[in-house]
Amino acid sequence: MKRIETRDTGRLAVGIAYLALGLVAVSVLGPLLWAVGTSLKTYGEVFSRGLAFFPEVPQWDNYVEIFRIAPFDRYVMNSVIVSLFACAFTLLTSAMSAYAFARLRFPGRDALFVLYLATMMVPQQVILIPNFLLIRELGLLDTLAGLVLTRVFVPLGTFLLRQFFMGIPIELEEAAIIDGMSYTRRFVSVILPLAKPALVSLFIVSLLAAWNDFLYPLVFIRTDTKRTITLGLSILQGDLDIRWNLVMAATIVAVSPLVVAYLALQRLFIEGIALTGSKG
Amino acid sequence: MTRRARAEFVAALAFLAPNLIGFLLFLILPAIASLAIALTRWRLLDVPQFVGLQNFADLLRDGRFWLTLRNTAYYSFVRVPINAAISLALAVLLNRKMIGRDFFRVVLFLPVVMSIVATAVIWRPLVESSGLLNGVLAALGLPGVPWITSTNWAMPTVIMIGIWKEIGYYMVIFLAGLQAIPRTYYEAASIDGASNWQQFTRITFPLVSPTTFFVLTVAMIFSFQVFALTTVLTGGGPANATTTLVMYIYQSGFENFRMGYASAMAFVLFVIILVFTLIQKRLANRWVHY
């Protein structure tokens, strides 16, 4: 009798768990499906189809139309350029400085590292104005280079990779030392290959941050053809007002590169973001 | 210095230089400059004029500053606990072998990879007066809600969408925390006849508390920086009900070109974030959970 009771409450608990998870999953997927459906509707259908998620006939032409309204291809290209350069420089410079902090002895090392740690809590919003003035002084306002430069040197990268490098057994490098390898050779052929998981995490986090940033492009970029996709989307949605079908088509274009990458590499994304999140 | 030590020092400098130069130039210098600019009156085109703490004194008397600070605090203090509670609940539900576990994890995390701008744009037609949400409410026989057109509802709507975007993020952090709790505790508890709820309150909740604490403080730090969500979704309206601190910094700096005043506000934001960071660093070390 007792056992049957616990099995029933166990089954009830599982039922409630699925119900709760299902509800949340629906509330996450609902808006996204609505956006996809709306992006394929005619302007009339946006207001006439009531609660129907999808149109009578999908209007693929909406996706062509938005490229006619705005230089969307340029926006995407700009985002790709900014993201890739920002990621490449972040990985390269952070890995190098992390190696110095993790493996080399030099005067003032610990004090300097504390400075890196201390500035991890300074948000980009706080230094926005001096960074704007600096980029303006350097003549890099309204350039993609200005966007790249202000996002490469986040201390998180150095911090994260230093942690990881310190976990790599020193014995693995000792053989290389005996072979008389230079620091550069040891860094490139011993440390970097072993640090691949940490580098991938840092790459994913930097990619998301660069692709999705809004504030810095908003402040730095003036020319239409230099807008990133995120900035372009924010301005386009204002211009298009309630032509939701086109607004949603633009949104799908803006999010799909990262969403597709995420769906293909779910585990890497989730673990990478969670790892850097719980270290930050 | 021995020759080897000198060689190591030179190597260290070479490895450090690329990052260190950028770090000093784009982070340390701006952080210091921020405070210096906050002590000036500077309209960008004229010469900065030292005014001491005048900007901070002006802030104290600026009703709009207090309004945006209150809005930001409202957003953060309401959003963060709800967000953490939902994420913890979902993590607990998913922290077991079950069919569809990966599906739920992937779906709930999906909004995390989208930009806040895209999130806000996707939600705009849903929260219109004749949008999907009111359509669903009407189908259920319920009255519509003035989601972003009423001063009372606008901030709760912004909070709801902010949570929607990040539940998966904090859920994954909670899942990592939950996995550190030894399975044997639950086995012992079920042998003693502890219910699911008792297991949650007596084992899970106390043992996951360091993660909870981490999530609360980190979410607070991020929430105080809210800008894109309100800018795109509501533009700060209606009647400034959702204008946030960073929005006011942006407006002061880049619409009114009051660099000193905007920097003073940025400094206030920095201090708020510093306080949360220190609370986190200090208590995280002291948090004993057994």
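**Ground rules.** I am working with a predicted model, in which local features need pLDDT of at least 70, side-chain atom pairs count only at pLDDT 80 or more, and totals for chains, interfaces and linings use all residues. Residues are numbered from 1 along each chain as its sequence is written, while chains are lettered from A and ligands numbered from 1 in the order in which they are written.

**Confidence.** I noted an ipTM of 0.91 and a pTM of 0.92 for the complex, both from the predictor. Chain A has a mean pLDDT of 90, with 95% of its residues at 70 or more. Helices here are DSSP runs of H or I with at least four residues, strands are E runs of at least two, and both are numbered from the N terminus. Over residues 1-5 of chain A, pLDDT stays under 50, and the model has 0 contacts there beyond four places in sequence. Where pLDDT is low, the predicted coordinates should not be read in detail.

**Chain A against chain B.** I counted as contacts those residue pairs whose C-beta atoms, placed from the backbone, lie within 7 Å. The contact takes 67 residues from chain A and 70 residues from chain B. On the chain A side, helix α1 (residues 2-39) gives the largest share, 12 residues. That side divides into 47 nonpolar, 19 polar and 1 charged. My classes: Ala, Val, Leu, Ile, Met, Phe, Trp, Tyr, Cys and Pro are nonpolar, Asp, Glu, Lys and Arg are charged, and the others, Gly among them, are polar.

**Domains of chain A.** An automatic or database domain assignment sets the bounds, and chain A is divided into domain 1 (2-61) and domain 2 (70-279). Their centres, taken over C-alpha atoms, are 34 Å apart. I see 9 residues from domain 1 of chain A and 7 residues from domain 2 of chain A in the contact.

**Helices of chain B.** I checked α7(B) (residues 151-179) next: its 29 residues reach 42 Å from first C-alpha to last, close to the 42 Å expected at 1.5 Å a residue. That expected span is 1.5 Å times one less than the number of residues. α7(B) bends by about 45° at Glu166(B), the angle between axes fitted to the seven residues ending there and the seven starting there.

Most residues other than glycine have a negative phi, and most peptide bonds are trans. Leu44(B) is not a glycine, yet I found a positive phi of about 75°; Leu44(B) is in the loop between β1 (40-41) and β2 (49-50) of chain B. Gly237(B) and Pro238(B) are joined by a cis peptide bond, with omega about -10°. I placed Pro238(B) in the loop between α11 (228-233) and α12 of chain B.

Methods. Two residues are in contact if their C-beta atoms, placed from the backbone, lie within 7 Å. pLDDT is the predictor's confidence in each residue, from 0 to 100.
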